[in-house]
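User: Please take me through the packing of this model, with the cut-offs behind each term.

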Amino acid sequence: MHSLADCSDQVLLLVGRNRASRAKTEEHPFGFGRERYLYGFLVSVVLFAVGGAYSIYDGIHRIMNPEPLTTPWIAYGVLALSAVLEGSSLRVSVKQSSGLRRGRSWFTFIARIKEPDLIVTLLEDTAALLGLVFAFIGVGLSELTGDAAWDGGGSVAIGVLLACVAVVVARETQSLLIGEAASDEAERTIVTALEDGPEVERVIHMRTVHLSPDSLLVAAKVAVRAEDSASTVVRGIDAAEQRVRDALPMAEVIYLEPDIYQESKADETDPAIRVVQRALEHTGERGESPAPAQPGSPRPAGPAEPAEPAEAADPDQREPSALPAC
């Protein structure tokens, strides 16, 4: 049953990959990349129901109605072959993950990785090897004691293990499905790229969200000079977007809103502002941080004075601002 659940999960992951690669449509302008997260969540359901729940049920049934083992050497042979196959699969998963882990612990890596395929394969293969250990112990104790209930106990242990793995997979894929921000490293890269030009004085606030494991949406408000003309702002925004795409190719969708920065109106409780502060503190590019907001002050920053109006603005792509979009 564990093998059936495992194979079914791999099929679901493949289906999710194929469906996520469909072209964008008018109804889904950002594409279907999050289907990989959806099918990753379905994996947790299959793993819990087919693998965990049934194994527990079967184990309890065997404890209540024990049957003597007649040919335990067949069980040992199957378990040994399974250990070789599962060990080989886990080795591939670990090898694929090593280049992305970058010194982080495995727990941190699983919590931060945006690839549902790696989350599932790492946890499932690890659970498979531990499950084989439980099965080996159950069969061994049944043979040594003559009590077949130990075999059922091994099945219950495997079911509990699979249920725990299913809960972890569900929790991680649910977070990705709802929408997770980019990694700290990616956020630092974006902020650095935006401020690495004369057009942008600073990044006021920024929000990111993964549309898929390899596609990122970036929305940021950037400070420009009040004396700049609309055409200058337009060219500056285009240049800043290009720098971000060059530095981080996965940043496929970028929306930049120009504004005039006012430090007194920056709200440090806004996560979008804290993201920028953290990125700048890490790179050491700026030591100061915005002053705390006064009660009733707007978030996160407001215009100090009107700038020259732009000739063309698209109200559907941005929030209202005293400096129109260009």
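User: Which residues does Ile 190 touch, not counting residues up to four places away in sequence?

Analyst: This is a predicted model, in which local features need pLDDT of at least 70 and side-chain atom pairs count only at pLDDT 80 or more, while totals for chains, interfaces and linings use all residues. Residues are numbered from 1 along each chain as its sequence is written, and side-chain values use heavy atoms, with hydrogens and water left out. With contact taken as heavy atoms within 4.5 Å, the residues that Ile 190 touches beyond four places in sequence are Met 206, Thr 208, Leu 216, Val 218, Val 244 and Leu 248.

User: How many residues does the largest nonpolar core have?

Analyst: A nonpolar core is a set of buried (under 20% relative accessible area, 1.4 Å probe, protein chains only) Ala, Val, Leu, Ile, Met, Phe, Trp, Tyr and Cys residues joined through side-chain atoms within 4.5 Å. Ile 190, Leu 194, Val 203, Met 206 and Leu 256 have the most contacts inside the largest one, whose residues number 27.

User: Which element gives the most to this core?

Analyst: Helices (DSSP runs of H or I, at least four residues) and strands (E, at least two) are numbered from the N terminus. Those supplying at least two core residues each are α7 (184-195), β1 (202-212), β2 (215-223), α8 (230-247), β3 (251-259) and α9 (271-283). With 5 residues, the element that gives the most is α7.

User: Which residues of α7 are buried?

Analyst: The buried set includes Glu 187 and Glu 195 as well as Ile 190.

User: Is Arg 36 buried or exposed?

Analyst: Arg 36 is found in helix α2 (residues 35-64). Its relative accessible area is 9%, so Arg 36 is buried.

Methods:
Buried means under 20% relative accessible area, exposed over 50%, partly exposed in between (1.4 Å probe, protein chains only).
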